[in-house]
Amino acid sequence: MSGRGATPDRFSDPVIVVGGGVVGLCCARSLARRGVRVHVIERGQIGHGASFGNAGTVSPAHPPINAPGRWRELIRSMVDPLSPLYIPPRLDPGLWRWLFAFARHCGQTHVDHCRGVLAPLARVTPGLHDEIAAAAEEDELGYRRDGYLEIFRTAAGGAAAAHEAAYARGQNFTARQLDGEELRAREPALSASVRGGFHYPEARSLDPYAFLLAVAWEAQADGARLTEGTAVETVVTESGRARGVRTAEGDIDASAVILATGAYSPDLYRALGCPLPVIPAKGYHVDRPFEDPGTPRLDTACLLVETSVFCTPMPGRLRLAGTLEFSGINDDMRRRRLEQLTRGARPFLEGLDDGPPSSEWCGLRPCTPDGLPVVGPVPGWEGVFAATGHAMLGLTFGPVTGELVADLVVDGRASMPIEGLDPARF
């Protein structure tokens, strides 16, 4: 992976990055560090999509959502609106095609394939996050290098946690097993019902929005331009290559175009003859201020296995985050699902009550049916690159995606194998 450098001669126009979430901004940062003029165009506000309110954990050893048997959870979720993974029943042919494709990828063979594809990216991920945090004020980011805990209360939860630990160890990450007493000695806020868990020391935790602003600031310091409130309607092409993008305000010329468009990807890719099966999965968070006596003082981020809730300490508050809700493109906040975060965390945390939150949020994560991101050249078009489909791992793999995209744009090849992420695989 390259460092800072002079602008390559062939980039007479800027490289346009469509999308101002963590993936798009990391692409902009990596390109700007190499001397490339970059223009980020965001349909809304920079960093106010899925990147704004996620769980704030950098989890390079975490498996994709395509766990063996996960498709059964999808079917059951249609009759349980409080399931961590929820699909409101509806007639949507595109959703059903995606679900059938997802079910085909819910097996151990595919999970092993994902591990092989993601392992090279995972190994460099903690160091890239550390580099970005070191350039900012780590305290302002709430940046922690002490990993996270994956904890359980039941035998079934223990089996699921052990399966994920095996996945992590298969990538040469540490998954240290702890019993309930060891966990409570480390985190007194954990309830007596917690039976055990695993510690993942190579993970990181942070305030995701503060981290994203730090990435944006660094990109701008190296010359990147950021435009908000402008939707890109299509990629402008000529003779088989990108010439720019079209917006309601007119065309903007570009030397290359990177589509880091998250849940809003399908239309732009379809217009290029590269239909991507990316659908939105809504996640929620509730922030609880530490000044509230009903908010337990956790020191280490915890994933609660049975309820799939992440509990992450951030500056001044505890964030409860989670759920995957496949309800389409919308920002409708289902109150019962939001409240389920607190209900799901209460059995694990002593003293957690229903006090007033400091923040409530929902956002859309872009999911592919095979659980892998989409990173690489868009087939058939020179100078168009994909960077989307990271699901719940956008924060984790944002910086390494930025490096890979910069490799492709500047050097014409990636610095590590990315064949498994190829947009043409669908």
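Visitor: What makes the crossing of α1 and α8 left-handed or right-handed here?

Guide: In this predicted model, the crossing of α1 and α8 is left-handed. The word applies if the near helix is turned anticlockwise from the far one by less than a right angle.

Visitor: Why are α1 and α8 called roughly parallel to each other?

Guide: Helix α1, residues 22-33, packs against helix α8, residues 208-221, at an angle of about 30°. Angles under 35 degrees count as roughly parallel, and therefore α1 and α8 get that name. Their axes lie 8 Å apart.

Visitor: Which residues make the contact?

Guide: From α1 come V22, L25, C26, A28, R29, A32 and R33. From α8 come L212, V215, A216, E218 and A219. Being in contact here means having heavy atoms within 4.5 Å.

Visitor: Let's move on to the strands. What makes β7 mostly covered?

Guide: Strand β7 spans residues 196-200, and five of its five residues are buried. To be called buried, a residue needs under 20% relative accessible area.

Visitor: Which way do the residues of β7 point?

Guide: G196, F198 and Y200 point one way, while G197 and H199 point the other way. In a regular strand, side chains alternate between the two faces of the sheet.

Visitor: How do you know that β5 and β6 pair with β7?

Guide: Two strands pair if at least two bridges are found between them. Strand β5 (residues 148-152) is joined to β7 by five bridges, and strand β6 (residues 176-179) is joined to β7 by four. β5 and β7 run antiparallel, and β6 and β7 also run antiparallel. As examples, Y148 has Y200 as its bridge partner in β7, and L178 has G197.

Visitor: Why are β10 and β12 called edge strands?

Guide: An open sheet is formed by three strands in the order β10-β11-β12, with antiparallel pairing. β10 (232-238) and β12 (250-253) each pair on one side only, and they are the edge strands. From one strand to the next, the twist averages 35°.

Visitor: How many bridges join β10 to β11?

Guide: Six bridges join β10 to β11, residues 241-247, and at least two are needed for a pair. V232 stands opposite T247 in β11.

Notes:
Residues numbered from 1 in each chain as written. Predicted model: local features only at pLDDT ≥ 70, side-chain atom pairs only at ≥ 80, totals over all residues. Heavy atoms only, no water. Helix = DSSP H or I, 4+ residues; strand = E, 2+ residues; numbered from the N terminus. Axes fitted to C-alpha atoms, helices over the stretch in contact; angles between N-to-C directions. Buried < 20%, exposed > 50% of the residue type's maximum accessible area, 1.4 Å probe, protein only. Parallel < 35°, antiparallel > 145°, perpendicular 65-115°, else oblique.
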